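Please have your viewer open and ready.

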Number of protein chains: 2
Amino acid sequence: MQLKDVIKKLALITTVASVLFTPLIVQAASAEYKWKMVTTWPKNFPGLGTGANDLANQINEMSNGRIQVKVYGAKELVGALEVFDAVSRGTAEMGHGAGYYWKGKVPAGQFFAAVPFGLTAQEMNGWIYSGGGLELWQEAYAPFGIIPMPGGNTGVQMGGWFNKEIKTLDDLKGLKMRIPGLGGEVLKRAGGTPVLLPGGEIFPALQSGAIDATEWVGPYNDMAFGLYKAAKYYYYPGWHEPGTTLEALINKKAFDKLPKDLQAIVLNATKVANSNMLAEYTARNNAALQSLITDHKVKLLPYPAEVLSQLKTLSDEVVAEEAQKDEMSKKVYASYIAFRDQAVDWHAVSEQAYLNARNPE
Amino acid sequence: MQLKDVIKKLALITTVASVLFTPLIVQAASAEYKWKMVTTWPKNFPGLGTGANDLANQINEMSNGRIQVKVYGAKELVGALEVFDAVSRGTAEMGHGAGYYWKGKVPAGQFFAAVPFGLTAQEMNGWIYSGGGLELWQEAYAPFGIIPMPGGNTGVQMGGWFNKEIKTLDDLKGLKMRIPGLGGEVLKRAGGTPVLLPGGEIFPALQSGAIDATEWVGPYNDMAFGLYKAAKYYYYPGWHEPGTTLEALINKKAFDKLPKDLQAIVLNATKVANSNMLAEYTARNNAALQSLITDHKVKLLPYPAEVLSQLKTLSDEVVAEEAQKDEMSKKVYASYIAFRDQAVDWHAVSEQAYLNARNPE
């Protein structure tokens with residue numbers, strides 16, 4: 001081989017090698033993308049915090065560690081209610097929370113968390129994944145450089161903890177209650193005072209009397225916070241949060257840097273976490289509920305039918321009014337309500353008719 | 001540079017290049033694993049067939065083409081009801097169907113598809129993913145070399161198509177009806193004759209009078225098959241299939257050959273497909289239902305409350321008896337019923353109470 005041939009070959013191989021080096025890095029065991037996920041939940045909090053961990057783990061495993069997502073509990077990196085800003089700024093590449101926590105910044109976000117007398121978990125997934133909801137949600141968060149995805153669902157939440165019986169709508173008057181989002185606006189219309197507190201601050205506030213009442217999630221979570229130690233009556237159903245969708249927030253610039261397969265992995269991991277969390281709540285809530293009733297002598301009560309009916313009237317008014325406050329909320333509301341109307345019709349002959357046939361009241 | 005230095009450098013780069021070539025192949029567009037997925041559905045059939053396509057696509061995308069799954073409709077490679085055998089033999093690495101189609105081989109499989117007066121979609125996911133169901137399912141299919149996963153859910157199905165009104169339980173007597181699985185056994189107990197037909201054969205059988213009645217899925221699918229052209233009355237709710245789980249079957253030997261990240265991708269892709277399908281049905285069924293009523297003059301009717309109550313009594317008897325026929329079914333039944341009992345209690349204060357508050361009957 002002559003020198004010039006060797007040099008030619010060398011040049012060729014060098015070119016090939018330089019092409020190959022990019023894939024090599026992608027294949028390496030050490031992470032190519034080190035991401036932080038900030039959350040609104042206490043670290044490892046059952047269901048919510050562990051749901052955020054689950055999302056991170058799915059990404060880590062499916063990407064073979066090419067992305068490594070590290071999860072931070074509330075206050076570890078930023079405060080519980082600062083998650084949205086942190087992801088928007090790029091302080092963290094991902095976040096886990098719920099849309100109503102930052103309604104001051106993006107009011108339309110509330111519709112993707114929970115709407116009083118709105119969509120159940122199954123219906124939320126129908127609207128978001130297959131009914132045009134996701135496109136609107138992404139449009140609403142685009143100005144903040146955030147891609148939102150459903151990242152968990154609690155199912156129908158409970159109606160809340162009280163220290164007095166709720167016999168008429170008037171019993172809500174003057175009540176200082178921890179209740180976020182649109183549900184809080186409805187309480188205000190009913191004469192109460194809604195308070196926004198992150199989960200970790202609810203129990204001390206209820207125990208000290210800083211608030212009179214609270215809702216949180218459901219038996220599995222409410223027991224974990226020990227709410228039964230500070231209130232006696234436990235009401236159902238959660239008219240204000242019928243299928244709360246938690247959100248996985250992704251910083252768009254960070255997302256755009258990923259190759260297509262990792263983008264698909266991140267987005268699908270949010271779907272897996274969304275499904276896993278609802279399954280967990282469905283499997284765990286009843287044992288906790290029975291323990292609350294039996295071991296902790298909690299008094300489980302339904303809201304009177306008339307109170308629910310009045311709350312529904314108020315809710316429909318309040319939600320319609322709130323939706324008129326900005327253009328994005330208007331668009332989201334129109335889509336949401338159209339979906340709800342058809343979901344009510346469909347589930348009248350499917351889910352609702354079936355549940356009533358299986359367990360006649 | 002001297003020749004010997006050039007040669008040294010060349011040797012080094014060649015070594016590096018040879019190391020790099022392995023990752024290169026992994027990264028290459030050509031698949032490392034070419035898989036076939038056989039299905040019980042007509043190719044591209046809305047919801048079911050497209051759901052199988054969705055599953056394949058998720059795997060292809062998340063793996064960056066390292067696995068390429070090609071989907072075959074019923075009869076393209078094997079018959080609709082031969083999917084289980086084909087995956088067991090390894091003729092295909094994956095399959096998409098439902099557990100009641102092969103109840104002759106593995107009776108316990110029916111519990112993972114649909115049980116009369118059993119679990120809804122949300123509850124099935126709760127039981128399977130978080131309530132011990134998946135472990136039992138995988139145990140039941142292990143002797144066949146198959147790993148099962150939920151691969152789609154239709155939600156509550158419709159009660160079926162009839163050419164006469166169902167006023168009393170006696171109206172089911174002598175009826176030749178297409179209805180698979182445990183629902184079919186209940187029909188038999190009520191004096192009817194259950195017939196097992198794959199979806200693609202239902203319409204001609206109903207039109208020719210080979211069967212008197214049929215159930216299939218719900219408005220979105222039933223309209224696609226044109227069932228309204230051969231029957232007039234459309235009953236609800238689907239007491240026999242309250243949340244039908246479709247199954248993704250994976251040949252265990254093929255699965256074991258995958259590296260861990262691809263295994264995670266395959267399993268999570270089934271979860272994504274499972275969630276996507278239910279979202280699609282939830283979003284599409286109502287428009288189809290309204291079209292059936294308005295455009296095709298279908299008469300939508302509820303089963304009389306007494307008929308549902310009698311069917312529930314029969315169902316509980318039949319399911320308990322069927323479960324005693326083999327050891328695996330016994331174990332699965334015990335787990336299923338325990339989960340159902342607690343799900344009924346929990347959903348009485350959550351999903352059911354909420355649906356009734358939102359839409360009082």
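What follows moves from a pocket to charged pairs, then to an annotated residue and some backbone details. Keep in mind that this is a predicted model.

Start with the empty space. Rolling a probe the size of a water molecule over the atoms shows where such space is left. The largest pocket holds about 500 Å³, and 24 residues line it. To find its centre in your viewer, look for A:Asn268, A:Lys271, B:Asp54, B:Gln58 and B:Asn276, the lining residues that lie nearest to that point. Both chains contribute helices here: helix 4 (121-130), helix 5 (133-141) and helix 10 (260-294) of chain A, along with helix 2 (49-62) and helix 10 (260-294) of chain B, each supply at least two lining residues. Helix 10 of chain A gives the largest share, seven residues.

Charge brings us to the next stop. Side chains of opposite charge can pair when their charged atoms come close. Over all chains, the whole structure has 32 salt bridges. One of them links B:Lys331 to B:Glu139, with N and O 2.5 Å apart. B:Lys331 sits in helix 12 (residues 327-349) of chain B and B:Glu139 in helix 5 (residues 133-141) of that chain, so this pair ties together parts that are 192 residues apart in sequence. Both partners are partly exposed: B:Lys331 has a relative accessibility of 41%, and B:Glu139 has 36%.

Another pair stays within one helix. B:Lys312 and B:Asp316 form a salt bridge with an N to O distance of 3.3 Å. These two residues lie four residues apart in helix 11 (residues 305-323) of chain B, about one turn of the helix. B:Asp316 is partly exposed, at 26% relative accessible area. Elsewhere, salt bridges with shared partners join A:Lys103, A:Glu185 and A:Lys188 into one network.

Now turn to A:Trp216, which an unreviewed UniProt entry marks with the feature "binding site". Is A:Trp216 buried or exposed? With a relative accessibility of 3%, A:Trp216 counts as buried. It belongs to the loop between strand 8 (213-214) and helix 8 (219-224) of chain A. Leaving aside residues up to four places away in sequence, A:Trp216 touches several aromatic side chains' residues, among them A:Trp41, A:Phe45, A:Tyr101 and A:Phe225, and its contacts also include A:Arg178 and A:Asp222.

Last come the backbone details. Most residues other than glycine have a negative phi, and most peptide bonds are trans. In chain A, a cis peptide bond joins A:Tyr236 and A:Pro237, with omega about -10°; A:Pro237 lies in the loop between strand 9 (233-236) and strand 10 (245-251). Chain B has a cis bond between B:Tyr236 and B:Pro237, with omega about -10°.

As for phi, A:Asn64 has a positive value of about 55° although it is not a glycine. A:Asn64 is in the loop between helix 2 (48-62) and strand 2 (67-72) of chain A, and is partly exposed at 43%. A:Lys75 has a positive phi of about 75° and is exposed, with a relative accessible area of 66%.

How values were computed:
Residues are numbered from 1 along each chain as its sequence is written. Chains are lettered from A and ligands numbered from 1 in the order in which they are written. This is a predicted model: local features need pLDDT of at least 70, side-chain atom pairs count only at pLDDT 80 or more; totals for chains, interfaces and linings use all residues. Side-chain values use heavy atoms; hydrogens and water are left out. On a 1 Å grid over the protein atoms alone, a cavity is a set of points where a 1.4 Å probe fits but cannot get out, and a pocket is an open set with protein on both sides within 12 Å along at least five of seven lines; lining residues have an atom within 4 Å of a point. Grid points are joined across faces, edges and corners, and a volume is the space filled by probe spheres set on the points. A salt bridge is a side-chain nitrogen of Lys or Arg within 4 Å of a carboxyl oxygen of Asp or Glu. Buried means under 20% relative accessible area, exposed over 50%, partly exposed in between (1.4 Å probe, protein chains only). UniProt positions are given in the numbering used here, feature names are shortened, and annotations may be inferred rather than shown by experiment. Contact means heavy atoms within 4.5 Å.
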